[in-house]
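Please look over the model shown below and work through the questions that follow it.

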Amino acid sequence: MERAKRTPRGTRKRDVPLTEAGICTSALRLIDADGVEALTMRKLAAVLDANPMSLYHHVPNKEALLRGVARMVGTRFRTVTLEDSPWQERMRLLATDFRTLAHRHPNLMAYSFSQPDFIQPEDPFWVELTAVLDAAGVPELEIAQLAALVCAVVSGVMIAELNGALHRWSNLQPTTPASGEHGPMNEDSGEDRMFRLVLDTIISGMEGRLAVDHAGGPDDQPPQNSLLPSARIPRQLRPAAARCEGESPENPVSDVASGFDPRDQ
């Protein structure tokens, strides 16, 4: 009895049409299993039982596909909104939930953290982070800058966790121990504890700076220690082009005008 010939893969009519969402979902499964480097359009087409060329009707290339997958995962981020809770508690919960998402898809998130556009203004994480900073009393003009710094610190810690660097660094021994002898190796790096320490440091730093800012300066002037960097730069640290026209290199008046007092040195 002659066996029926099977239609070649990718040429059979699919029961469900290809969609960008379906393509991204299948791509995420492959990334979770084998990593970003192992993902190819041909392998993805095989999983979807589709012709590889048909994928390009929905995603132009692998880079666009990865952006779509990262965007899809970002929109799935969920955290409990505790609007009546202290901003410190909201910050801890938000960062912890973000870390949970990163460990749920470590291969994708390790790749995404290396991309400058991995967080977008409409991402739920960014929306909630800026809301927490607003609730903390951060001046409106400084919210985006401080949120960017929080993202940089947290994502940097996440990269070190996901690639194993944090575990290795936490077990490094000092080259010259104070006791003169090497102590026992730390078998448990305690990454959960270390992440809490990171959050404690971020929150404590914010509390200190906000306390200074809210205290204000003399005569109701804005405080000197703002979250924004000071525009006053000592003359010695300014490039020549930044000096005022006609300013003498030895003129101490320019130092005072720029906010620098040589007596402070």
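Q: Is phenylalanine 118 buried or partly exposed?
A: This is a predicted model, in which local features need pLDDT of at least 70 and side-chain atom pairs count only at pLDDT 80 or more, while totals for chains, interfaces and linings use all residues. Residues are numbered from 1 along each chain as its sequence is written, and side-chain values use heavy atoms, with hydrogens and water left out. Buried means under 20% relative accessible area, exposed means over 50%, and partly exposed lies in between (1.4 Å probe, protein chains only). Because the relative accessible area of phenylalanine 118 is 22%, this residue counts as partly exposed.

Q: What kind of aromatic pair do phenylalanine 77 and phenylalanine 125 form?
A: Rings of Phe, Tyr and Trp (its six-membered ring) pair if their centres lie within 6.5 Å, and planes under 30 degrees apart count as stacked, over 60 as edge-to-face and the rest as tilted. By this rule the count comes to 5 aromatic pairs. In the pair of phenylalanine 77 and phenylalanine 125 the ring centres are 5.9 Å apart and the planes stand at 85°, so the pair is edge-to-face.

Q: How many residues apart are phenylalanine 77 and phenylalanine 125?
A: Helices (H or I, at least four residues) and strands (E, at least two) are DSSP runs, numbered from the N terminus. Phenylalanine 77 is in the loop between helix 4 (62-75) and helix 5 (87-104), whereas phenylalanine 125 belongs to helix 7 (residues 124-136), and the pair links distant parts of the chain, 48 residues apart.

Q: What is the angle between the planes of phenylalanine 113 and phenylalanine 118?
A: Phenylalanine 113 counts as buried, because its relative accessibility is 7%. With phenylalanine 118 it forms an edge-to-face aromatic pair, in which the distance is 5.2 Å centre to centre and the angle between the planes is 85°.

Q: Which residues are nearest the centre of the largest pocket?
A: On a 1 Å grid over the protein atoms alone, a cavity is a set of points where a 1.4 Å probe fits but cannot get out, and a pocket is an open set with protein on both sides within 12 Å along at least five of seven lines; lining residues have an atom within 4 Å of a point. Grid points are joined across faces, edges and corners, and a volume is the space filled by probe spheres set on the points. The largest pocket holds about 380 Å³ of space. Its lining has 19 residues, and those nearest its centre are Ala70, Arg71, Asp117, Phe118 and Ile119.

Q: Which helix gives the most to the lining of the largest pocket?
A: The elements that give two or more residues to the lining of the largest pocket are helix 4, helix 5 and helix 6 (106-112). With 6 residues, the one that gives the most is helix 4.

Q: Which residues does serine 26 contact, leaving aside its neighbours within four places in sequence?
A: Serine 26 lies in helix 1 (residues 20-34), and it counts as buried because its relative accessibility is 8%. Contact means heavy atoms within 4.5 Å. With neighbours within four places in sequence left aside, serine 26 is in contact with Leu44 and Leu48.
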